Amino acid sequence: TVRHFVSLTRHLYQSGGDQRFAERLPASERIASELLAEIGYLKKNGRTQSYQLARLDVIDVERLSSDHSMVRTKEYWMVRTKRVSDGVDADPMQSFIAHVSYDLSRQDLKWQVTLWDLVDAPLAPETTQESADEVR
């Protein structure tokens, strides 16, 4: 679910906010609306952003109940900001590492991201392959 969310979020940004990607996000409507609002802000300021995920490491999976889990990741990103008017880079390409906490809930037999937040540092030691496979 997390990998699918990240992939569709990347496509959502690259498409400039194509509603079809927002509708397929495995996320709450609130999360989708927040992402679309951010993309709208960029557009209003004559910018688009293109994200490339270089690597995503699952750090921890904590099952809080049968319908609620917390997933913590370490994500390696590159982002390019371009001007809408001519497609030229508005800023130099940036790369960064993000530690992210995803709150997942099962609704209608499907997992979806209900909250996500950047955290300052890893919250747990590297996870085992078995728990990482649960998120894929």
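Modeller: Here we go through the labels one by one.

Modeller: First, this is a predicted model, where local features need pLDDT of at least 70 and side-chain atom pairs count only at pLDDT 80 or more, while totals for chains, interfaces and linings use all residues. Residues are numbered from 1 along each chain as its sequence is written, and side-chain values use heavy atoms, with hydrogens and water left out.

Biologist: What makes a set of residues a nonpolar core?

Modeller: The members must be buried Ala, Val, Leu, Ile, Met, Phe, Trp, Tyr or Cys, joined through side-chain atoms within 4.5 Å. The largest such core here has 27 residues, and F5, L25 and Y102 have the most contacts inside it. Elements that each supply at least two of its residues include helix 2 (19–24), strand 1 (47–65) and strand 3 (94–107). Helix 1 gives the largest share, six residues.

Biologist: Which residues is Y102 in contact with, leaving aside its neighbours within four places in sequence?

Modeller: Contact means heavy atoms within 4.5 Å. For Y102 the partners include V2, F5, V6, M70, V71 and W116.

Biologist: How do you know that strand 1 and strand 2 pair?

Modeller: Two strands pair if DSSP finds at least two bridges between them. Strand 1 and strand 2 have 16 bridges, in the antiparallel sense. Along them, Y51 stands opposite V79, and V61 has V71 as its bridge partner. A hairpin joins the two strands through two residues.

Biologist: What about the other strands?

Modeller: Strand 2 and strand 3 pair over 12 bridges, again antiparallel, with V71 opposite Y102. Strand 3 and strand 4 pair in the antiparallel sense over nine bridges, and Q107 stands opposite K110. Those two form a hairpin with two residues between them, and D108 in the turn has a positive phi of about 55°.

Biologist: So what makes strand 1 and strand 4 edge strands?

Modeller: The sheet is open, with four strands in the order 1-2-3-4 and antiparallel pairing. Strand 1 and strand 4 (110–119) each pair on one side only.

Biologist: Why are helix 1 and helix 3 called roughly parallel?

Modeller: Start with the axes, which are lines fitted to C-alpha atoms, for helices over the stretch in contact; angles run from 0 to 180 degrees between N-to-C directions. Under 35 degrees counts as roughly parallel, over 145 as roughly antiparallel, 65 to 115 as roughly perpendicular and the rest as oblique. The axes of helix 1 and helix 3 cross at roughly 30° and come within 10 Å. Helix 1 and helix 3 are therefore roughly parallel to each other.

Biologist: Which residues of helix 1 and helix 3 make that contact?

Modeller: From helix 1 they are F5, T9, L12 and Y13, while helix 3 contributes residues including I31, L35 and I39.

Key
Buried means under 20% relative accessible area, exposed over 50%, partly exposed in between (1.4 Å probe, protein chains only).
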